[in-house]
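Keep the sequence and the structure open beside you as you go.

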Amino acid sequence: MATSKVLAGAQVVLPTGTLTDGRVIVEGSRIRGSAPADAETIDLTGHWLVPGFVDIHNHGGGGASFTSGTVEDVLKGIHTHRLHGTTTVVASTVTGEMDFLAQRAGILSELAEQGDLAGIHFEGPFISPCRKGAHSEGLLRHPDPADVRKLLDAARGQARMVTLATELPGGIDSVRLLAEHGVIAAVGHTDATYEQTVEAIDAGATVATHLFNAMPGLGHRAPGPIAALLEDERITVELINDGTHLHPAAFELAFHHAGTDRVALITDAMDAAGFGDGRYMLGPLEVEVKDSVARLVEGGSIAGSTLTQDRAFKRSVTVDGLSVEDTVRAISANPAKLLGQYDKVGSLEPGKDADLVVLDAAFDVKGVMRKGEWVVEPF
C-alpha cells in the first residue's frame, strides 16, 4: 500500500478559491479525496499550500545549461528549480547551428520521455536580427518550414513551443505547420507590425514570448505587436517578473488588459539562476551576471534572467499586489493548460500529481513536493 499523508491546517489554494484550515491528502504520487485512519498528518498551520509551479521558458540554473550541458548538467538545473518550487519545467534552447540544436533536442527529448522535463522550447534561430537580444546574429535564419520541421522531428514528439519572428519569410507557413502538429507557435524576438502580428495570430500563434522584451514598444500610431498580443483572447502572454525585465506599471498593464487567465509567469532563467554572480556562456555568447542581473559581455543586452519562480510568486503578491489566487493561475494553472497537462498538474485536485509548494506567511518556500515525494522537507 502507498503511504498516505494529510497536509492539514494551511490556507489551501484551489481552482474554486482558498480554503482556510484546509487539507490536502497525498497517497503515493497522487492527490486523493480521502485518507485512511492511520495516515500521517503534517501540521501546516500558518502556511499557504499552492500547486507546484510550472515554467514554460527556462534555459537552466544551478550553474548548468539546458542549451549546452551534459545530461547530468540538465538534471542539476532541473533540481535547482525544483528546490524553488518549480515541479514542471520546459527546457528552452537558444540560437545555434541547426545540427547542434537537433542534437540537443535528442538529449532533451530523452529526459522528457523519462518525465524529468515537460518538453522542449526552441527559442531561436528563427528570430529577427533587429530584436535578437542575447542570440548570436550570425546563426539566425528565416523560419523555413523545412527547418522548423527538422527540429520537430529531432524532438521526437517532445517539442512544446517554438518562438518565431513571424514577419520573416516563411514565418506564417511555419506558424501553420506548428499548429498542425500541436506545437505552440510563440511570437517573439520580433520586429513585426501590429498588422503582421494579427496575421500570425490568425494563422495559429497562441503565445507571446516574454511580452514587451525583444519587440517594438507600444506606440500610439504604430501599436506594434504588443497591442495585438494583449488584445487577442487567443494569446497567452509570458511575463518575467524579476523587477529588471519589466517596470511594475508594464506588469500591471499586461495583467489588466490580458486578464488573469491569459498570463503565464516565466523565469527565462539561465545558468546563474540559483547559483550566483560570475561569467557564464549562453549558447556561444559570454554573459556577466552582476547583482543577479545577466547581461552580454559584448553590447550589454539583458541575457535571460537569474529568476526562480518562488521569487516571481513573492514579488507578484508583495510588490505588485496580485492576489494569491491570481498568482497561482499565472504561475501554475495557465502554463499547465498551455502545455496540455492540466489534467495532471497546475492545481490541487484529486487524481492529479501531488506537486505542491508550502509557503510561509511571507511567501517564502518552506516545502516542495513532487509526485508525492518531498524535494524540500517542510520545517
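Two strands count as paired if DSSP finds at least two bridges between them. The model used here is a predicted one.

**Exercise 1. Find the residue of β12 that stands opposite Met161, and describe how β11 pairs with β12.**

Step 1: Locate β11 at residues 159-164 and β12 at residues 184-187.
Step 2: The two strands run in the parallel sense and are joined over four bridges.
Step 3: Across from Met161 you will find Ile184 in β12.

**Exercise 2. Work out the strand order of the open sheet and which strands stand at its edges.**

Step 1: Trace the eight strands, with parallel pairing, in the order β6-β9-β10-β11-β12-β13-β14-β15.
Step 2: β6 (53-58) and β15 (263-266) each have a single partner strand, so one side of each has no neighbour in the sheet.

**Exercise 3. Decide how α1 and α2 are oriented to each other, and which residues meet.**

Step 1: Take α1 (residues 71-83) and α2 (residues 98-113); their axes come within 11 Å and cross at roughly 55°.
Step 2: Angles of 65 to 115 degrees would count as roughly perpendicular and those under 35 as roughly parallel; α1 and α2 are therefore oblique to each other.
Step 3: The crossing of α1 and α2 is right-handed.
Step 4: From α1, Val71, Val74 and Leu75 meet Arg104, Ile107, Leu108 and Leu111 of α2.
Step 5: Sorted by type, the residues of this α1 and α2 contact are six nonpolar, no polar and one charged.

How values were computed: Residues are numbered from 1 along each chain as its sequence is written. This is a predicted model: local features need pLDDT of at least 70, side-chain atom pairs count only at pLDDT 80 or more; totals for chains, interfaces and linings use all residues. Side-chain values use heavy atoms; hydrogens and water are left out. Axes are lines fitted to C-alpha atoms, for helices over the stretch in contact, and angles run from 0 to 180 degrees between N-to-C directions. Angles under 35 degrees count as roughly parallel, over 145 as roughly antiparallel, 65 to 115 as roughly perpendicular and the rest as oblique. A crossing is left-handed if the near helix is turned anticlockwise from the far one by less than a right angle, and right-handed if clockwise. Contact means heavy atoms within 4.5 Å. Ala, Val, Leu, Ile, Met, Phe, Trp, Tyr, Cys and Pro count as nonpolar, Asp, Glu, Lys and Arg as charged, and the others, Gly among them, as polar.
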